[in-house]
Amino acid sequence: MEYIEKDGRIIIKGGFENRGIIEIPEQLDGLSVTEVDGYAFANRLELTEVILPASVRRIGAHAFYNCKNLRLAELYDGIRELEDGAFKNCHSLSEVRLHSREGREGCIRNLLDENIHEVTLDIEYADGQRARLLFPAFEDDYVENTPARIFQAVSYGSGGAYRQCMQGGGMDYRAFDALFARSVREDRFEAALFNSVGRLRYPYRLFESAKKKYMDFLRENGARAAAYYIAAGDADTVSFLCGINALDGNAVQEALKAAADMRLPQLTGILLDYKSRNFKTERKRFDL
């Protein structure tokens, strides 16, 4: 690891060559690690995960620039500066884990803005509560308005609007949930599905009106939702869908067939138990 001491603190300059996972310590030589310097790990194609300590206050410009295989970044909300380009061109970055100790989730706004593809944000709060959110993909473009002789900015997908929910210090959950109807219209089904399940499973600052919208979506799309998680072999989420009664009779029948076709006994058992508890089969009667 390459680092320097400055004003009684440590600045990381690079190192960890040929490692897929980098975990930076909170202290070195008895001093706090407070910065990851600009370009410290730029162009590191072998890098897949980076874990930063709570002591880090600054991530310099282009610190992880062009780390094209980086999939996971784990950090804390004590960051005061996340400079431009710090995570730019990290095309594989799909998951961010944020430990919120100060209620400053907005500290990673630049990271989300620089990655316009889908990014999952898993927030763990100091009191043990969690939030699991998906920021959909988006694309900005300019189209010509010929009569007016001007170009107008347009955005495809709701991802840009979702990222604006991180304003100032914290996350605006009410604004995040208010975008759900737009996401259903503009984003792929799986994005809306992920946020429905994530917000209901980890209902941090979830208002009843938003809860109803997520529940309505799952019940209207129960069969499709179950099929998605069965194909992924995700027994925990299928069990969750059953636990909140998201599957109607037709949905559970389709789900049982899918689980049986894929020879998934655990999922089949979960669905059979759900069916027996919620949809009693009437015995046929015959008059003699």
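On a 1 Å grid over the protein atoms alone, a pocket is an open set of points with protein on both sides within 12 Å along at least five of seven lines, and lining residues have an atom within 4 Å of a point. The model is predicted: local features need pLDDT of at least 70, side-chain atom pairs count only at pLDDT 80 or more, and totals for chains, interfaces and linings use all residues. Residues are numbered from 1 along each chain as its sequence is written, and side-chain values use heavy atoms, without hydrogens and water.

The largest pocket is lined by Arg130, Arg132, Phe194, Val197, Gly198, Arg201, Tyr202, Tyr229, Asp234 and Thr237. Helix 5 gives the most to this lining, with four residues. Strand 12 (130–135) and helix 5 each supply at least two. Helices (H or I, at least four residues) and strands (E, at least two) are DSSP runs, numbered from the N terminus.

Helix 5 (residues 189–201) also meets helix 8 (residues 235–243); their axes come within 11 Å and cross at roughly 70 degrees. Axes are lines fitted to C-alpha atoms, for helices over the stretch in contact, with angles from 0 to 180 degrees between N-to-C directions. Helix 5 is therefore roughly perpendicular to helix 8 (65 to 115 degrees). Val197, Leu200 and Arg201 of helix 5 make the contact with Asp236, Thr237, Phe240 and Leu241 of helix 8 (heavy atoms within 4.5 Å).

Phe240 and Ile12 are 43 Å apart in space, C-alpha to C-alpha. Ile12 lies in strand 2 (residues 9–14). Ile12 is buried, at 0% relative accessible area (buried means under 20%, with a 1.4 Å probe and protein chains only).

Technical notes: Buried means under 20% relative accessible area, exposed over 50%, partly exposed in between (1.4 Å probe, protein chains only). Angles under 35 degrees count as roughly parallel, over 145 as roughly antiparallel, 65 to 115 as roughly perpendicular and the rest as oblique. On a 1 Å grid over the protein atoms alone, a cavity is a set of points where a 1.4 Å probe fits but cannot get out, and a pocket is an open set with protein on both sides within 12 Å along at least five of seven lines; lining residues have an atom within 4 Å of a point.
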